[in-house]
Amino acid sequence: MKVLIARLNHETNTFSPVPTPLAAFGPDGPTFGEQAYKDNKGMRTAMSAFIDLAEQAGATLVTPVSASANPSGPVDAEAYATLTQCIVDAAPGCDAILLDLHGAMVAQNSADGEGDLLLRLRAAAPGVPIGVALDLHANVTPAMVGNADVIVGFKTYPHIDMYVTGEHAGRLLFDLLAGRSKPTMRWHQLPLMAHTLRSASFTGAMQRAIEAAREAETSESLAVSIFAGFSLSDIEAPCMSVVVVDAKSHERAQATADRIAKQMWDEREAFVYRSEPLAESVARAKAIAQGATRPVLLLDHGDNCMSGGSCDTMDVLQEALAQGLDGIGVGPLCDPGAVGELIAAGEGATVTVALGNKVSLEGIGLSKKPVMLTGTVRTVGNGEYVITGPTYTGQRSSMGRTVLFDIGAARIVVTERTQEPWDIGVFECAGLDPRKERFLLLKSRMYCRPVFEPISAALVECDSPGVTSSDYSLFPFSKVRRPVFPLDTV
Ligand SMILES: [Zn+2]
């Protein structure tokens, strides 16, 4: 038995100005063949689980590619063609296909990255069973459901069940191959754009939907997946959906999907994030900090690089300075040009630089100017650290050349590369102890929480105008099928 196993992950923010070339798909770009196998064997990805299951079944493995990029703008046409063609070329002659996909990929040459890939695979290898593991934030499409036999999504956000999900999807596909079951798949998509800050699996309506899915899995279904979708995508349906795999009948699969979808629709308001004005958030943080012995977190989720943000907007810092906050640790802020100037000035020098707001946000009709700031270059470093936090523990990270720039009220970690503040190391490697600041301004929405919440007095979500803003009125949606909630009152 020959099994094709591949990994291709990208969550596309179609409004993001951050490009997605082939090189973005891995620390050193994507890996192919034997190296794609080695990169996943023994890890905790869905592809790792596929490998383990296929080896247990004594199968011959074909691993054309492993490619995973951080969220950013649409995938370059050439990169999409390269990454998908090698999977399609490997399909003929295989007995089964197992794919570790995200489900919200848009390329310059494909509005439905995963759906188009599955369509081509079906044509290249007709009748060969296809099993797919997807991220909880997948924008599921008819082409995806119509060209796969089994789809299973993550049930956790923050995502900690990639391997378990791969195991689940893989097991169902091997059962199908062995004739132990005959799965049928049905789905229900809602005209509902959920917000990622309302898709955490441990609370609220999302938790209740996932509980209903688990309940159905214990009583009747082979797999039930709740997809929050990824709404920062101008496609036909960046929407929530339920996908059910059932061993018995189409009717029962559909009934389960419809029932859970109705529960979600009834709770639709709970999937919407209504942001308060930025000035109010900052004022609230200022009030909380009175008498607090630990820093207050200012979470700038309008510019989060793990959702496609440029990591260089200045709105929250400007508002904080305007309201007289001080003792603000900021970072990482990506501005390679300013890093060059500050390094040229040298440690200890006092200089005035134009900082941030340099990546064009014209795509969403925003134009910002860099902010002139005068301060002292405290440290210059290589921006390297090892993650000690719970997400990506042990992984070596590099922010490129990094400068700690002290403007008095704030100390700003300025970097050459964008970086999610998923570890204390982003500050410590620049010589700043975040525990000693009164405020920490982090361009993050979820990943910073397990690390920074324990050392903080409180967390204040700040919605700034940027490509990952929570204010959907900023985004020129033109392809989304209307009406859709909450853009329209459905
Ligand atoms: Zn996700």
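What follows is a short chat about the metal site, some backbone features and a strand.

Guide: A heads-up: this is a predicted model, where local features need pLDDT of at least 70, side-chain atom pairs count only at pLDDT 80 or more, and totals for chains, interfaces and linings use all residues. Residues are numbered from 1 along each chain as its sequence is written, and side-chain values use heavy atoms, with hydrogens and water left out.

Visitor: Which residues are the protein donors of the zinc ion?
Guide: Donors here are N, O and S atoms within 2.8 Å of the metal (3.2 Å for Na, K and Ca), and water is not among the atoms, so sites may look incomplete. The protein donors lie 2.1 to 2.2 Å from the zinc ion, and in sequence they follow the spacing D-x1-H-x21-H. They are Asp135 (OD), His137 (ND1) and His159 (NE2).

Visitor: How many residues apart are Asp135 and His159?
Guide: Helices (H or I, at least four residues) and strands (E, at least two) are DSSP runs, numbered from the N terminus. Asp135 sits in the loop between strand S6 (130-134) and helix H5 (142-146), while His159 is in the loop between strand S7 (150-153) and helix H6 (162-177). The pair links distant parts of the chain, and the separation is 24 residues.

Visitor: Is His159 buried or exposed?
Guide: Buried means under 20% relative accessible area, exposed over 50%, and partly exposed in between (1.4 Å probe, protein chains only). Asp135 counts as buried at 7%. His159 has a relative accessible area of 18%, so the call is buried.

Visitor: Which residue does a cis peptide bond join to Tyr157?
Guide: Most peptide bonds are trans. In this cis bond, omega is about 0°.

Visitor: What is the phi of Cys311 near?
Guide: Most residues other than glycine have a negative phi. Cys311, in the loop between S11 and H10, is buried with a relative accessible area of 0%. Its phi is positive, near 65°.

Visitor: Where does Ser307 lie, and what does Ser307 touch?
Guide: Ser307 is in the loop between strand S11 (296-300) and helix H10 (315-322), and is buried at 4% relative accessible area. Contact means heavy atoms within 4.5 Å. Not counting residues up to four places away in sequence, Ser307 touches Asn13, Pro71, Phe230, Arg445 and Thr468.

Visitor: Why is strand S17 largely enclosed by the rest of the structure?
Guide: On one side of S17 there are Thr402, Leu404 and Asp406, and on the other Val403 and Phe405, all buried. So S17 is largely enclosed because the buried residues number 5 of the 5.

Visitor: Which residue is the bridge partner of Leu404 in S18?
Guide: Two strands pair if DSSP finds at least two bridges between them. S17 and strand S18 (residues 410-415) pair in the antiparallel sense over 5 bridges, forming a hairpin with 3 residues between them. S14 and S17 also pair in the antiparallel sense over 5 bridges, with Thr379 bridging to Leu404. In S18, the partner of Leu404 is Val413.
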